[in-house]
Amino acid sequence: MGMRQEHVDIRQDLLQWFDEHARDLPWRQTRDPYAIWVSETMLQQTRVAVVIDYYTRFMARFPTLQSLAQADEAEVLTLWSGLGYYRRARALHESARAVVAEHGGVIPKTAAALSRLPGVGVYTAAAVASIAFGEPVAAVDGNVERVLTRYFGHEPVPGSARSGELRRAAEDLVDRERPGDFNQAMMELGATVCLPRGPMCLACPIREGCATRGEHPAPRTRKMLSRKTALALVQRRQWPRAEVLLQRRPPDAAQMPNMWELPSIKEGQESEDMLLLTVRHSITNTNYYVTVYGLTMNEQKILAKDAGERVWVPVLDLPEQPLTGLTRKILKRLRVLPGFSGMPSMAIGDSPQDPIKDLDPAVVRS
Ligand code: SF4
């Protein structure tokens, strides 16, 4: 029905475009399946620009599957800290151990076998199998779904109602000779040209055959919830022995189990003169408006009795702890952790008197 010829054209156009425009990314300079697996895991729901640094650090510390398999979970989480979706890090770690234990350290070569590893989803399995091993399987994420929906001129439907149909079309479309490049080209097209808002159709290599050439009325995105929380920064001792009170999230917490964060304050107990800063932080579909208050040792009684162990952590050890992304962000803004370049740097523990009083309350948006 003429589709085949069209497919050939879109493959050629897409691959040619990819050859000319592919961004030069660290994980594109390797055929090492482990490195590709790490990069594809990090790239889920996360922008390329953010991933580059994390990937580079992660690979420097865990250059091989074996080194990752032998690592402590806390160290893996520390390197992931700030990247979000920590389940990915745990699953990657667990899978690395499974590959060592059950596959003699050799990563399975097919998407079917890869997807049987703990926590490896259909998308990641297809991405790794096609990029590292040349298996002609389609890797379809949200970006690719959008490109295909527009290209075929389907009515967009929310959720995964059309996933099966799109997936079959994608499998049919994937280039048999260069499946890894084809999949990466589709992802790259979705990430850089066929954008959710204002797709750049004039620069699109598959424009000719595209049934939509523009923005579909997008399916309604999830509504963001908003939540307010009050957190406490409690310090003791002086620089360089300063310590901060942190709390570990329970091991069975739905999100970010075992990671460290600032303790929260009982509702309505905070007072404005304790205010240090306010930060907005988004996690999946929730905007958190987080206000951080500086508490003295005596004011600890206003801390909420949440689950989770509390520990005094030396400020100098903080960079090595598996902090949640929000905690890391707050501690950087407060100069407790290095890495924030907004204002002149001042370590919170520097002042011998009352370091917390030296901080201007500031409202900072992310
Ligand atoms: S022509 Fe426009 S809508 Fe169609 S695939 Fe290209 S960028 Fe997307």
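## Working through a predicted model

**Exercise 1. Find which residues touch the most other members of the largest nonpolar core, and where that core gets its residues.**

Solution. Start with the core itself: it has 88 residues, and those touching the most other members are Val 38, Ala 126, Val 128, Met 186, Ala 232, Leu 233 and Tyr 293. Next, look for the biggest contributor. That's helix 8 (residues 122-133), which supplies eight residues, the largest share of this core. Then check the domains: the core takes at least three residues from each of domain 1 (3-203) and domain 2 (225-364). Keep in mind that you're looking at a predicted model here. As general background, nonpolar side chains tend to be buried together in soluble globular proteins.

Now zoom in on one of those residues. Leaving out residues up to four places away in sequence, Val 38 touches Tyr 55, Phe 58, Met 59 and Leu 92.

**Exercise 2. Work out which residues of helix 5 are buried, and what they pack against.**

Solution. Helix 5 covers residues 73-80, and its buried residues are Val 76, Leu 77, Thr 78 and Trp 80. Follow those residues to their packing partner and you land on helix 6 (86-102). Finally, see what comes after the helix: Gly 82 follows helix 5 and has a positive phi, near 105°.

**Exercise 3. Trace the pairing partners of strand 2, with a bridge for each.**

Solution. Take the partners one by one.

- Strand 1 (residues 225-236) pairs with strand 2 (residues 243-248) in the antiparallel sense, over two bridges. For an example, go to Arg 236, whose bridge partner in strand 2 is Glu 243. The two strands make a hairpin with six residues between them, and Arg 237 in the turn has a positive phi of about 65°.
- Strand 6 (residues 310-314) runs antiparallel to strand 2 and is joined to it by five bridges. Here, Leu 246 has Val 311 in strand 6 as its bridge partner.
- Strand 3 (residues 260-261) is also antiparallel to strand 2, with two bridges joining them. Across this pairing, Gln 247 stands opposite Glu 261.

**Exercise 4. Locate Arg 213 and Asn 258, and decide whether each is buried, exposed or partly exposed.**

Solution. Begin with the backbone. Arg 213 isn't a glycine, but its phi is positive, near 45°. Asn 258 isn't a glycine either, and its phi is positive at about 70°.

Now place them. Arg 213 sits in the loop between helix 11 (179-192) and strand 1. Asn 258 belongs to the loop between strand 2 and strand 3.

Last, count neighbours. A residue is buried with 20 or more other C-beta atoms within 10 Å of its own, and exposed with 12 or fewer. Arg 213 has 14 of them, so it's partly exposed. Asn 258 has 17, so it's partly exposed too.

Terms used
Residues numbered from 1 in each chain as written. Predicted model: local features only at pLDDT ≥ 70, side-chain atom pairs only at ≥ 80, totals over all residues. Core = buried A, V, L, I, M, F, W, Y, C linked by C-beta atoms within 7 Å. Helix = DSSP H or I, 4+ residues; strand = E, 2+ residues; numbered from the N terminus. Domains from an automatic or database assignment. Contact = placed C-beta atoms within 7 Å. Pairing = 2+ DSSP bridges.
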